[in-house]
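Open the model in your viewer and keep a selection panel at hand. Each stop below says what to select and what is there.

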Amino acid sequence: MDRFAWTSGLLELGETLVVQQRGVRLYDGEEKVKFDSGVLLLSTHRLIWRDQKNHECCIAIPLSQVVFIEEQAAGIGKSAKIVVHLHPASSNKEPGPFQSSKYSYIKLSFKEHGQIEFYRRLSEEITQRRWENMPTGQTIQVNKDSQAGRIRAVGIVGIERKLEEKRKETAKNISEAFEDLSKLMEKAKEMVELSKSIANKIKEKQGDITEDETIRFKSYLLSMGIANPVTRETYGSGTHYHMQLAKQLAGILQTPLEERGGIMSLTEVYCLVNRARGLELLSPEDLVNACKMLESLKLPLRLRIFDSGVMVIELQSHNEEEMVASALETVSEKGSLTADEFAKLVGMSVLLAKERLLLAEKMGHLCRDDSVEGLRFYPNLFLTQS
Amino acid sequence: LLQAKYKERGTVLAEDQLAQMSKQLDMFKTNLEEFASKHKQEIRKNPEFRVQFQDMCATIGVDPLASGKGFWSEMLGVGDFYYELGVQIIEVCLALKHRNGGLITLEELHQQVLKGRGKFAQDVSQDDLLRAIKKLKVLGNGFGIIPVGGTYLIQSVPAELNMDHTVILQLAEKKGYVTVSEIRSSLKWETERAKQVLEHLLKEGMAWLDTQAAGEPQYWLPALFTELYSQEITPEEAKEAIP
């Protein structure tokens, strides 16, 4: 905070207002300072903070002092913040509210939101460094720039007028759509708060809440896209929607699975199903959550997750371990195979071919030769010949 | 008896709140419908507005893309836009995987996706691609986003890439290739460590070795070859892409 200097808050000639935001509190490093409620203004040259109650109290810092900025997400009871890392104060800096500081950064806390836009604009200004092209001076002079020629220096009044023009322009530019969106988000936020409150009740009651109520709650969360505050999953599995979906998938995927040797990666399933639907597509999470229910619903397919994290859908009748035995035969016939070669021979995707060979290796049937030429699998002679 | 009464009271409170939520949900649905009738086109056509929309949702703790059954998806159509984009991204990555080992720059991905979508499709921005990719991760396919230089490399295979690998990708970004000497001088690594990391990239098909380069061997990353950007996806490659 020792980089700030007192200022009148009026823009210099050649300095333009970029964006402003009410309800900003300042931090010196991690510590709150008395500047707790102000309007933060970003110009092409400076970051200015003016106290909302006392307009005389106004401080500023040149943008050239900024090293870099970071975003700090909002938390429970905490506003979102922008952390601004600063160069040390220059020796000829004008007097300011703090003589010294043990921190080399400040934080801007957005109690009334607006941090997203502000961060974006601040990033832009720091990148573009417009202050280098438009040096401002204390003396008022006629602006030689042809574009701004019409705005002549006529003292303080001229500068105030310029500020006012900018403000009006900004106001016009905020489209109706954005305003409507903001209002909508306020309402959505209320829903989030309510869901947190209900989740707390559920946590406290632990067993007094009926399964029916839990399912209802989950489906409400699903409609709004709110993560389940209790389990932290995005609405988790177990809604009626996912049960229906699981049954549908069992129907749709039976034939494709049979055509592909009984196994498909979840990515392939996602593409297949959504291409077929054309409209009202499934989200990746919808698919995963539905597949998680396949087994418990006793459907003829199941979800399997390999060690690598690769997720597949298998027919219940499919036995990957048996397929491994035939894979071993294939590899033995050829002496050795890479996943690519095996995939081509058998007519599988490379991803699944690799998983089968890895499983065979895990079961002890194959050995690997890992070189820069690639990963090659050989029959495990240690096992067979001992 | 007192305790039982308190318990009962507790149940009633939750039921009340659920009923309240249900009512508010209906009201919200109406608000959203109204918003959609006025601004649905704005979302479809304007990538900038989509960014605003997504950012605002994130700020309040809402994920409009979590489910196709969510209000946002049903009424604003945002879901279909991103889920379909997901399919197109998967297809492009699968088609080009044999060329680049499963690594592709966001720029190239963007170009190829736009080509695939045709002239009359909605505009798609790089931000849109990133959001679609973030959603795809949950399918367990190894999709990942790696920051390099001023842009991103998109990983689409379940290969393990740790911080060492990422740092080398970032180093290689400027010229499209990297050498062991460069790694030693820029990152101050031992030769052994550099070689291990480079070998992993070679094995995964993400790097190619040029032993005939003047001086010392060069490790090229096909994902970063700018010459390949304009190359079309061949019919054979396209077959690889569609299940």
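The tour starts with the ground rules, then goes through the interface, chain B and chain A.

**Ground rules**

This is a predicted model, in which local features need pLDDT of at least 70 and side-chain atom pairs count only at pLDDT 80 or more, while totals for chains, interfaces and linings use all residues. Residues are numbered from 1 along each chain as its sequence is written, chains are lettered from A and ligands numbered from 1 in the order in which they are written, and side-chain values use heavy atoms, with hydrogens and water left out.

**Stop 1: the interface of chain A and chain B**

Colour the two chains separately and select the residues of each that touch the other. Contact means heavy atoms within 4.5 Å. Chain A brings 64 residues to the contact and chain B brings 62 residues. The area buried between the two chains is about 5,800 Å², with 67% of it from carbon and sulfur atoms. Buried area here is the accessible area (1.4 Å probe) that two parts lose on being put together, summed over both.

Which three residues of chain A supply more of its buried area than any other three? Select A:Leu184, A:Met185 and A:Tyr220: they supply 10% of the area that chain A buries against chain B.

Next, display polar contacts across the interface. A polar contact is a pair of N or O atoms within 3.5 Å; within protein, one must be able to donate a hydrogen and the other to accept it, and residues adjacent in sequence count only if both atoms are side-chain atoms. Between chain A and chain B, 14 residue pairs are in polar contact, both residues being at pLDDT 80 or more.

Now show secondary structure. Helices (H or I, at least four residues) and strands (E, at least two) are DSSP runs, numbered from the N terminus. On the side of chain A that touches chain B, the elements giving two or more residues are α1 (115–128), α3 (176–205), α4 (211–224), α6 (266–277), α7 (284–291), α10 (350–362) and β14 (366–371). Of these, α3(A) gives the most, with 20 residues. By class, this side of chain A has 32 nonpolar, 13 polar and 19 charged residues. For these classes, Ala, Val, Leu, Ile, Met, Phe, Trp, Tyr, Cys and Pro count as nonpolar, Asp, Glu, Lys and Arg as charged, and the others, Gly among them, as polar.

The interface also holds 4 salt bridges. A salt bridge is a side-chain nitrogen of Lys or Arg within 4 Å of a carboxyl oxygen of Asp or Glu. Select B:Lys135 and A:Glu285, whose side chains meet in a salt bridge at 2.7 Å, N to O.

**Stop 2: chain B and B:His110**

Chain B has 10 helices and 6 strands. Of its 243 residues, 49% are buried; buried means under 20% relative accessible area, exposed over 50%, partly exposed in between (1.4 Å probe, protein chains only).

Select B:His110, in helix α5 (residues 106–117) of chain B. Is B:His110 buried or exposed? Its relative accessibility is 15%, so B:His110 counts as buried. Beyond its neighbours within four places in sequence, B:His110 is in contact with B:Val124, B:Ser125, B:Gln126 and B:Leu129. A polar atom of the B:His110 side chain lies 2.7 Å from the backbone oxygen of B:Val124.

**Stop 3: A:Glu314 and its two arginines**

Bring chain A back and select A:Glu314, A:Arg302 and A:Arg304. A:Glu314 forms a salt bridge with A:Arg302, with the closest N and O atoms 2.8 Å apart. A:Glu314 lies in strand β12 and A:Arg302 in strand β11 (residues 301–305), so the pair ties together parts 12 residues apart in sequence. A:Glu314 also meets A:Arg304 in a salt bridge at 3.5 Å, N to O. A:Arg304 lies in strand β11 too, so this pair ties together parts 10 residues apart in sequence. A:Glu314 and A:Arg302 are buried, and so is A:Arg304.

**Stop 4: A:Asn319**

Move on to A:Asn319, in the loop between β12 (311–315) and α8 (320–334) of chain A. A:Asn319 is partly exposed, with a relative accessible area of 29%. Its side chain reaches the backbone nitrogen of A:Glu321 at 3.0 Å.

**Stop 5: further salt bridges in chain A**

Select A:Glu361 and A:Arg368, which form a salt bridge with the closest N and O atoms 2.8 Å apart. A:Glu361 is partly exposed at 23% relative accessibility, and A:Arg368 is partly exposed at 40%. Finish with A:Glu117, A:Arg120, A:Arg121 and A:Glu124, which are linked in a network of salt bridges.
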